[in-house]
Protein chains: 2
Amino acid sequence: MPKIVDHDARRRLIADALMKVAADQGLEAVSLRHVAAAAGVSVGMVQHYFHTKDEMMAFALAAVMDRTETRIRTAVAGLGENPPPRLLLRTMIAALLPLSGTARDDGRVALAFLAYAAVRPEAGAGLRPGTGQLVEFVAGLLPDPHGVASAGALLALMEGLGVYLLGGQMTPDQALTALDAQLDLLFLP
Amino acid sequence: MPKIVDHDARRRLIADALMKVAADQGLEAVSLRHVAAAAGVSVGMVQHYFHTKDEMMAFALAAVMDRTETRIRTAVAGLGENPPPRLLLRTMIAALLPLSGTARDDGRVALAFLAYAAVRPEAGAGLRPGTGQLVEFVAGLLPDPHGVASAGALLALMEGLGVYLLGGQMTPDQALTALDAQLDLLFLP
DNA sequence: CGTTTCGCAATACGACTGCATTGCAAAGGT
DNA sequence: ACCTTTGCAATGCAGTCGTATTGCGAAACG
């Protein structure tokens, strides 16, 4: 067998270029040619590693989710062992919000995928399963009187803050203030 | 001057067709030809009433916002004079959520526009100004200890519920339960 | 030292896009 | 009755899209 290359590295290179294009020109600007140009490679090479565009999109979406999970995990890791529930929640949610830099770019891509998934249900099937477990996890962190409804509300709040941040209707300060107000509501009886 | 036709009626006809296409095939499927076909007219006629595609999109977005405002207004009108603040808020937010039917279609279109606006800030400029006033209005309805931060949080919650509803991560029941939990939090000290 | 297999570039194809152009029918105004 | 203006259909054009095809250089194996 000839020329050994790291297939997965190439795929990540291409996926990174895709997300760069999507983040600053929108998902509808993601084409094989644009992605190839952004990655500095030929269209043929992109086709070599992704047989179809959908395959490439799916890989990129998975990469965004991976990066997001990593971002949360490292943020939480900085908290030490057994952090107080309120701090843990605030840290996780703040890490998930598109406040700046990479998180903002990822958020834009995720929002675009969300809109796409709202119309192509089978495309967003991968997004759905995590939410139920997340609600239960959050519910376990809330003080006693609150149930899964409040957990769902908190997650919805987070999602909405993300949308407002990306749309420019809220500044990062305003979003974090709103988040803290909600946590006050939940944790201070 | 020849043949008098109701310009605005034609534009609304075309915009309705656009929203139909966008609602069940996504915003990226909105093209002059598809919209014309959905409206049962020729491409030339669409071009006659909208000189450019962006003009057509802007008109359609304005129409969605109009319909939404009307939906809220009629829902609130059914409440009579001086309704209690909590009921007023619940009614307004429930009318805004994409729970079913037209509201769901409008929601899909709005979400698509949102994703588009996250990347083309000048396109979503029309969306932004209303939010600030809305926050203040909501803040005025909340009982005493709560400020604009809680109002922003409530609106973000609404937005997030909308996203979850469209994405299928929440059922209408779950969304309304979460909304009520939040209103409990705000109104029952 | 072939030979084979892989990595990748180039190009061609048909479908689609937004938009400009052209032409014609119909309907007032005079 | 003519003329002008408007409503609208048809068609053409240049560009982009995803994908299939083709071909060639390079690297490991026999």
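## Exercises on helix pairs, a core and an interface

In helix H6 of chain B, B:Asp105 and B:Arg108 sit three residues apart, about one turn of the helix. Keep in mind as you work that this is a predicted model.

**Exercise 1.** Find how close B:Asp105 and B:Arg108 come, and decide whether each is buried or partly exposed.

*Solution.* Start with the atoms: the closest N and O of B:Asp105 and B:Arg108 are 3.3 Å apart, and the two form a salt bridge. Next, take accessibility, where buried means under 20%. B:Asp105 has 33% and counts as partly exposed, while B:Arg108, with 18%, is buried.

**Exercise 2.** Work out which parts of chain B are tied together by the pair B:Asp106 and B:Arg67.

*Solution.* First, confirm the pairing: the side chains of B:Asp106 and B:Arg67 meet in a salt bridge at 2.4 Å, N to O. Then place the partners.

**Exercise 3.** Place A:Phe113 in chain A and list what it touches beyond its sequence neighbours within four places.

*Solution.* A:Phe113 is found in helix H6 (residues 101-119) of chain A. Its relative accessible area is 8%, so A:Phe113 counts as buried. Leaving aside neighbours within four places in sequence, its contacts are A:Leu27, A:Met57 and A:Leu61.

**Exercise 4.** Describe the largest nonpolar core and follow one of its residues, A:Leu157, across to chain B.

*Solution.* The largest nonpolar core has 62 residues, and A:Leu157 and B:Leu157 are among those with the most contacts inside it. Helices H5, H7, H8 and H9 of chain A and of chain B each give two or more residues to this core. Now follow A:Leu157: apart from its neighbours within four places, it contacts A:Leu179 and A:Gln182 in chain A, and B:Ala153, B:Ala156 and B:Leu157 in chain B.

**Exercise 5.** Characterise the interface between chain B and chain A by area, polar links and residue class.

*Solution.* Begin with area: the chains bury about 3200 Å² between them, 71% of it on carbon and sulfur atoms. Turn to the links: there are zero salt bridges between chain B and chain A, and three residue pairs in polar contact. On the side of chain B that touches chain A, H8(B) gives the most, with 15 residues. By class, that side has 25 nonpolar, twelve polar and five charged residues.

Technical notes:
Residues are numbered from 1 along each chain as its sequence is written. Chains are lettered from A and ligands numbered from 1 in the order in which they are written. This is a predicted model: local features need pLDDT of at least 70, side-chain atom pairs count only at pLDDT 80 or more; totals for chains, interfaces and linings use all residues. Side-chain values use heavy atoms; hydrogens and water are left out. Buried area is the accessible area (1.4 Å probe) that two parts lose on being put together, summed over both. A salt bridge is a side-chain nitrogen of Lys or Arg within 4 Å of a carboxyl oxygen of Asp or Glu. A polar contact is a pair of N or O atoms within 3.5 Å; within protein, one must be able to donate a hydrogen and the other to accept it, and residues adjacent in sequence count only if both atoms are side-chain atoms. Ala, Val, Leu, Ile, Met, Phe, Trp, Tyr, Cys and Pro count as nonpolar, Asp, Glu, Lys and Arg as charged, and the others, Gly among them, as polar. A nonpolar core is a set of buried Ala, Val, Leu, Ile, Met, Phe, Trp, Tyr and Cys residues joined through side-chain atoms within 4.5 Å. Buried means under 20% relative accessible area, exposed over 50%, partly exposed in between (1.4 Å probe, protein chains only). Contact means heavy atoms within 4.5 Å.
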